[in-house]
Amino acid sequence: MVVASQPALNHSSLIKTCKPTSLFTGIPVVDLSDPEAKSLIVKAFEEFGIFKLVNHGIPMEVITRLEVESLRFFNLPQSDKDRAGPPDPFGYGSKRIGPNGDVGWIEYILLNTNPDVMSHKSLSIFQQSPEIFHSAVNDYISAVKKMTCEVLELIADGLGLEARNILSRFLRNEKSDSCFRLNHYPPCPELQALRGRNLIGFGEHTDPQIISVLRSNNTSGLQICLRDGTWVSVPPDRSSFFINVGDSLQVMTNGRFKSVKHRVLADNTNPRISMIYFGGPPLNEKIVPLPSLMAEGEENLYKEFTWWEYKKSAYKSRLGDYRLGPFEKTASQ
């Protein structure tokens with residue numbers, strides 16, 4: 001029974017709330033089979049930093065299988081799940097998001113997608129569940145990674161870059177520092193006591209990697225911040241993927257694409273399960289604007305840094321911090 005394994009609301013005073021927001025139906029929708037997909041993706045990333053991908057080619061059974069196995073794990077007794085935590089940062093976590101005091105109405109699993117660096121705590125997740133869970137995770141990651149590389153190559157086409165693999169090569173590199181996250185937001189009946197406010201499941205933030213690929217069940221909760229600062233709710237769609245710009249891609253395009261700030265709210269009656277693939281480069285990769293994208297005389301907006309340097313800096317920050325700030329060039333530089 002789901003209720004038995006819910007995280008208790010004893011940290012509710014630490015979890016932030018927010019006012020309800022309006023439903024936003026303006027997220028661009030891109031059909032992966034559309035001949036114009038490359039230009040539609042670029043336009044969506046320039047205007048919103050996010051789009052919904054349909055006709056993506058990933059079988060629904062691959063997605064559903066992982067959702068079923070994920071819920072099977074999250075419905076285990078708390079003592080069983082705790083054997084896979086606390087996260088280091090990989091493994092199982094509950095309520096606490098990162099090491100710097102951020103909390104939310106959430107429990108999660110964070111995995112490195114490179115099997116060669118699988119942590120002990122990550123392995124213990126699969127020891128608590130049947131082998132089918134490990135297989136479901138691997139099949140899903142393999143399919144989503146392939147799709148994401150296709151999207152990145154369409155972006156390169158849409159930007160007019162000669163090398164189609166200029167972005168996808170980071171994810172295909174055997175040392176790619178990509179990760180995968182399974183988030184579970186249990187129902188929170190106590191929300192009724194918040195008098196019309198919403199409990200934050202995962203606080204506002206941008207993703208530091210190159211690109212993020214989100215899929216969730218049909219429980220709402222995802223919100224994005226539009227360019228004018230307005231927060232809006234994104235209608236869920238269990239058969240599609242939401243793909244958004246990460247901080248690293250913002251730098252690589254010299255600010256042409258901007259990473260989108262987003263958050264997730266808890267629901268008082270229905271659980272939300274989401275799966276996020278974060279496509280990252282190798283740790284020693286330099287994150288710089290792509291020379292082939294720079295116009296003649298265009299100023300580089302960012303200092304040169306490696307993915308490891310940015311990742312280390314981001315890990316020391318709070319969720320809502322503007323993580324790119326220390327890496328931006330000032331007028332005098």
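This report describes the fold of one protein chain, from its overall make-up to a few of its parts.

## The model and the chain

The structure is a predicted model, in which local features need pLDDT of at least 70 and side-chain atom pairs count only at pLDDT 80 or more, while totals for chains, interfaces and linings use all residues. Residues are numbered from 1 along each chain as its sequence is written, and side-chain values use heavy atoms, with hydrogens and water left out.

The protein chain has eight helices and 15 strands, where helices (H or I, at least four residues) and strands (E, at least two) are DSSP runs numbered from the N terminus. Of the 333 residues in the chain, 53% are buried, a word that stands for under 20% relative accessible area, with exposed meaning over 50% and partly exposed in between (1.4 Å probe, protein chains only). Among contacts (heavy atoms within 4.5 Å) between residues at least 6 apart in sequence, 76% join residues at least 24 apart.

## The sheet of eight strands

Eight strands form an open sheet in the order E2-E3-E11-E8-E13-E6-E5-E4, and their pairing is mixed; two strands are said to pair if DSSP finds at least two bridges between them. At the edges lie strand E2 (29–31) and strand E4 (91–97), each of which pairs on one side only. From one strand to the next, the twist averages 25°.

Strands of a sheet pair through backbone hydrogen bonds, either parallel or antiparallel. Strand E3 (residues 50–54) and strand E11 (residues 241–245) are joined in the antiparallel sense over four bridges, and here leucine 53 stands opposite phenylalanine 241 of E11.

## Strand E8 inside the sheet

Strand E8 is largely enclosed by the rest of the structure, because six of its six residues are buried. In a regular strand the side chains alternate between the two faces of the sheet. In E8, Ile211, Val213 and Arg215 point one way, whereas Ser212, Leu214 and Ser216 point the other way.

E8 runs antiparallel to E11, to which four bridges join it, and it also pairs with E13 in the antiparallel sense, over six bridges. Isoleucine 211 takes part in both pairings, with valine 245 as its bridge partner in E11 and glycine 279 opposite it in E13.

## Helices across the sheet

Helix H2 (residues 60–74) lies across several strands, among them strand E8 (211–216) and strand E13 (272–279), and runs at about 115° to E13. Such angles, from 0 to 180 degrees, are taken between N-to-C directions of axes, which are lines fitted to C-alpha atoms, for helices over the stretch in contact. The buried residues of H2 include Val62, Ile63, Leu66, Phe73 and Phe74. Helix H5 (residues 131–158) lies across E3, E5, E6, E8, E11 and E13, and its direction is at about 130° to E8.

Threonine 306 belongs to strand E15 (residues 305–306) and counts as buried because its relative accessibility is 18%. Leaving aside neighbours within four places in sequence, this threonine is in contact with Leu283, Asn284, Glu285, Lys286 and Ile287.

In helix H8 (residues 307–315), the residues Trp307, Tyr310 and Ala314 are buried. They are on the same side of H8, because they cover an arc of only 70° around the axis, the arc being that of the directions from the helix axis to the C-beta atoms. The cover over the buried residues of H8 includes helix H7 (247–252), strand E14 (286–287) and E15.
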